[in-house]
Amino acid sequence: MMFSCLPTPDPGPVAGSGSWSLPAPIRPDFPRQSVAVPGEICSSSGLSTRALVMTYQEHLGITYVTLNEDPCPHMVIHNQTPLSMLLRENVKEPPRTEVYCRPLPANSSLHHGLYHHFSSFPDCRQREPLPTVQLKTSPDPNTAPGSGPQPGDPQTSPEWSDPVDINCPGTQVVFLPGFGCLYIDVVHQGGTVILTLAPEGSVDSVMSLHNRTSNRKLAFRVLLSEASVSLSDDITSRSGSVELLRLTLSKLLLNLCPARLGDSGTGLGEGGRRLVTAGMGEACLVEVHCASLQVDNQLYNRASFHFPVLLCQEQSVELPLWTSDANPTTSLQALEEFKASCFLQLGLTLDREDYSVDQLTFHIKPARLYLEDTFVYYIKTLFHTYIPDSALAPSPGPNLSESYGGPLLPETVLQSIPALVHPLRLQRLVIQPVNVLVSVHASLKLYIASDHTPLSFSLFDRGPLCTTARQLIHALTMHYAAGALFRAGWVVGSLDLLGSPASLVRSIGNGVADFFRLPYEGLTRGPGAFVSGVSRGTTSFVKHISKGTLTSITNLATSLARNMDRLSLDEEHYTRQEEWRRQLPESLGDGLRQGLSRLGISLLGAIAGIVDQPMQNFQRGSEMQSSASSKAKGVISGVGKGIVGVFTKPIGGAAELVSQTGYGILHGAGLWQLPKQLYLPADQKSALAPNSHVKYVWKMLQSLGRPEVHMSLEVVIVSGSGQEHAGCLLLTGEVVFVVSLSEDTQQQAFPITEVACQQDPHHLGALTLTLQQQRLTNDVEGDSGRELSEQQYGRLVDYVTRASAFLSPSASSLQQAPPITPAEPPPAVTKTYRYLVDPAHAAVFVSKFTMVKNKALRIGFH
């Protein structure tokens with residue numbers, strides 16, 4: 001297909017005509033192509049082409065081709081020479097379609113799309129450089145831009161120039177046959193390659209125009225001792241808010257600064273080193289460093305989940321608090337040491353034009369991950385409550401294609417168009433190697449668990465990226481799935497059902513390594529250090545072997561006990577055992593006591609289950625008013641469950657004795673311990689939640705017509721006798737309402753024009769409302785005259801003075817002015833009301849009150 005934006009294109013379009021774009025192949029393996037369509041020259045940018053994106057989709061045998069504005073053109077070429085040229089792309093592999101040359105008219109600016117870009121979309125390949133391009137002079141700008149010499153070309157046709165590398169930003173000098181030296185300036189800006197072709201005479205002005213730097217510079221640094229984010233459930237529980245997950249970040253550093261060319265701050269490399277990317281210009285660098293990170297399961301104390309922590313670092317360290325003396329920003333060396341010791345490091349490079357993410361680098365130190373299927377299923381089910389029903393229902397609105405007057409497009413085609421038109425573009429995405437110890441508990445047909453399985457994932461480095469979000473997620477999934485498959489042997493060897501032989505081997509290996517490494521390190525420092533190294537190496541050797549052996553036996557016993565409890569077919573017994581199993585022993589004696597007690601209960605349950613199970617099934621059938629045959633089947637089923645429990649419950653109890661004893665030894669010796677929650681769940685009761693201003697608008701302020709609450713402030717109302725009770729001040733455009741929270745009713749209402757509000761200068765936490773009321777007096781009318789206010793008297797005098805000028809002298813002499821005396825101002829009554837409030841909130845309320853009162857009195861500009 002060929003396109004044109006000109007009103008009267010040349011008839012009989014041929015490849016290379018200046019009125020038409022280059023031919024765009026319609027192929028299923030080219031879902032997105034950038035097309036430079038000739039058009040009128042834009043006065044602002046000087047571009048003579050219009051960048052469009054053509055998408056290709058197939059649905060039910062029908063091919064859909066759509067055209068949209070290209071938000072991210074791949075290349076812009078400025079030909080500042082008085083010479084027409086041709087530009088061709090050097091394709092590395094045999095092309096799947098014909099690759100045409102791009103005509104470059106003299107003194108023109110136009111877009112261009114490389115075959116390299118649309119042939120690789122949306123693949124997430126390894127770092128692959130852009131192909132080189134070549135130039136040659138063209139006597140006729142409308143020459144057919146074929147991929148090679150045309151049949152009718154004379155033998156004296158000019159040759160192509162040397163290859164131009166567009167991967168390296170900067171200025172290059174290329175000898176163009178038939179012209180001479182040609183200066184080519186390459187700039188990478190937001191994923192767009194800008195080529196400027198200039199002759200030798202005007203190179204200085206052109207280069208200074210395209211290489212000027214922006215004066216916008218922003219830099220700041222934020223230090224947080226701790227930041228915590230919690231996810232709560234306010235829907236499923238009517239009594240209050242239930243905390244689900246809590247993310248805690250300790251010692252968080254957020255740094256934003258300009259990143260110039262050659263600066264070592266464009267990303268984090270392997271081992272904490274920086275990645276230098278040339279040609280980024282004055283980009284903006286955002287760094288996030290976190291010394292410690294932990295994700296807690298806040299439902300651990302209220303449900304029978306196994307792990308209190310979901311994610312944490314492998315080696316827990318005590319972090320000293322930040323003080324004015326121990327501040328990492330005091331010196332550059334301290335700052336770099338802090339960054340190198342952080343558990344989580346994230347680097348973002350933002351483009352200077354639109355501040356979009358240009359590079360992303362992620363690095364995390366060895367971590368621990370704890371997963372259990374019951375918790376994952378529970379959270380997955382709960383997440384559906386966060387999505388409104390309207391979002392899940394199909395949209396009743398008209399189809400988007402109908403608004404353009406075109407044919408009705410399928411929903412899948414319409415949903416894919418935005419992803420193709422607006423692709424995900426990154427110059428580089430780097431995820432450093434990740435090492436994780438994974439513990440998994442899965443309740444399938446059998447209880448399957450793995451204890452601290454080591455998983456290692458290699459470096460993920462891609463760029464430049466021009467792909468869809470779905471394709472990038474697929475590439476990430478395949479990369480880490482392949483890494484997990486390579487470690488499948490360790491996963492199987494870490495199963496508790498097999499006794500965790502892989503964990504035992506790893507623990508023994510660490511002990512043997514310490515046994516030889518520590519003495520060798522001490523030998524290089526002296527005899528005393530050598531003796532200390534031998535002692536520490538022997539201790540580590542014995543510790544690792546003991547820990548590995550006890551952990552293997554304990555995990556095997558725990559897995560056997562849980563499977564036996566599951567095979568007993570007694571839900572009550574299984575639930576009771578799981579609840580007791582959460583109470584881990586702290587010492588050997590505690591472990592023996594718990595193990596013996598559970599063994600005894602399991603034996604008693606096995607004997608009692610022969611009678612208890614049939615009785616429960618019979619009672620359940622009676623309550624459901626089942627038939628006699630159903631009751632008989634229930635009794636027989638209960639007898640079978642009781643007989644199975646006779647064999648499974650004692651075996652599970654014996655395994656539980658070994659398990660609890662092993663846990664007691666490990667805990668008592670400090671060899672094994674699960675990470676603990678940093679904070680207990682802070683659940684909020686619905687009855688203690690503060691009132692929303694919407695409640696006041698709907699319940700108490702309907703009499704105002706269209707009420708508008710400028711601010712609602714919770715206060716402590718102080719009565720005249722000194723009693724205090726909770727209340728709320730509602731500031732509206734006309735009235736200040738006082739609401740009692742205990743009674744949930746309105747107590748007072750003050751007109752905003754007759755009340756003054758201020759903070760107590762001696763006590764900033766005290767707020768005073770002063771009401772000035774005018775005492776009314778009866779109007780006294782007598783024969784001698786009538787009392788008027790001063791304002792009324794002034795208006796009357798002014799009226800008489802103006803009206804007397806139109807009366808005749810005789811008539812004016814006959815006029816007798818009545819005796820008028822100004823009225824004395826009536827005595828005022830002042831009342832003061834006092835409220836206790838937070839000083840910061842009081843200052844805001846006084847400021848809001850002053851603004852609203854001035855607006856009501858028409859003071860100032862509103």
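I began with strand pairing: two strands pair if DSSP finds at least two bridges between them. Strands (E, at least two residues) and helices (H or I, at least four) are DSSP runs, numbered from the N terminus.

**Ground rules**

I noted that this is a predicted model, where local features need pLDDT of at least 70 and side-chain atom pairs count only at pLDDT 80 or more, while totals for chains, interfaces and linings use all residues. Residues are numbered from 1 along each chain as its sequence is written, and side-chain values use heavy atoms, with hydrogens and water left out.

**Entry 1: a three-strand sheet**

I looked up S5 (residues 85-89) and found three bridges joining it to S6, with the two running antiparallel. Leu-87 has Arg-102 in S6 as its bridge partner. Both strands belong to an open sheet of three strands in the order S6-S5-S8, paired antiparallel. S6 (102-104) and S8 (133-137) stand at the edges with a single partner strand each, so one side of each has no neighbour in the sheet. Neighbouring strands here are turned by 25 degrees against each other on average, direction ignored. For angles, axes are lines fitted to C-alpha atoms, for helices over the stretch in contact, and angles run from 0 to 180 degrees between N-to-C directions.

**Entry 2: a five-strand sheet**

Next I went to the open sheet with the order S7-S4-S11-S10-S9, five strands with mixed pairing. Its edge strands are S7 (108-112) and S9 (170-176), each pairing on one side only. The twist averages 20 degrees from one strand to the next. Inside this sheet I checked S10 (residues 180-189) and S11 (residues 192-198), which run antiparallel and are joined by seven bridges. His-188 has Val-193 in S11 as its bridge partner.

**Entry 3: S15 and its partners**

How many bridges join S15 to S18? I found three, and the strands run antiparallel. Cys-312 stands opposite Arg-368 in S18. S14 and S15 also pair in the antiparallel sense, over two bridges, and there Val-295 has Leu-311 in S15 as its bridge partner. S15 is mostly covered, with four of its five residues buried. I use buried for under 20% relative accessible area, exposed for over 50%, and partly exposed for in between (1.4 Å probe, protein chains only).

**Entry 4: ring pairs**

I then went through the aromatics. Rings of Phe, Tyr and Trp (its six-membered ring) pair if their centres lie within 6.5 Å; planes under 30 degrees apart count as stacked, over 60 as edge-to-face and the rest as tilted. By this rule the count is 10 aromatic pairs. Phe-307 and Tyr-370 have ring centres 5.1 Å apart and planes at 50 degrees, so the pair is tilted. Phe-307 lies in the loop between S14 (283-297) and S15 (309-313) and Tyr-370 in S18 (residues 367-372), so the pair ties together parts that are 63 residues apart in sequence. Both Phe-307 and Tyr-370 are buried.

The rings of Phe-515 and Phe-541 have their centres 5.5 Å apart and planes at 50 degrees, so I logged this pair as tilted. Phe-515 is in H10 (residues 501-523) and Phe-541 in H11 (residues 527-567), 26 residues apart. Phe-515 is partly exposed at 33% relative accessibility, and Phe-541 is partly exposed at 27%.

I also noted that ring pairs link Phe-30, Tyr-115 and Phe-118 into a cluster. The charged end of Arg-27 sits over the ring of Phe-30, 5.3 Å from its centre. The test for this is NZ of Lys or CZ of Arg within 6 Å of the ring centre and within 35 degrees of the ring normal.

**Entry 5: H10 against H11**

What is the packing angle of H10 and H11? It is about 175 degrees, with the axes 7 Å apart. H10 and H11 are therefore roughly antiparallel to each other. Under 35 degrees counts as roughly parallel, over 145 as roughly antiparallel, 65 to 115 as roughly perpendicular and the rest as oblique. The contact of H10 with H11 has 12 nonpolar, 11 polar and two charged residues. In these classes Ala, Val, Leu, Ile, Met, Phe, Trp, Tyr, Cys and Pro are nonpolar, Asp, Glu, Lys and Arg charged, and the others, Gly among them, polar.

A cis peptide bond joins Phe-121 and Pro-122, with omega about 0 degrees. Pro-122 is in the loop between H1 (115-120) and S8. Leu-60 is not a glycine, yet has a positive phi of about 55 degrees. I found Leu-60 in the loop between S2 (49-59) and S3 (62-69), exposed at 76% relative accessible area.
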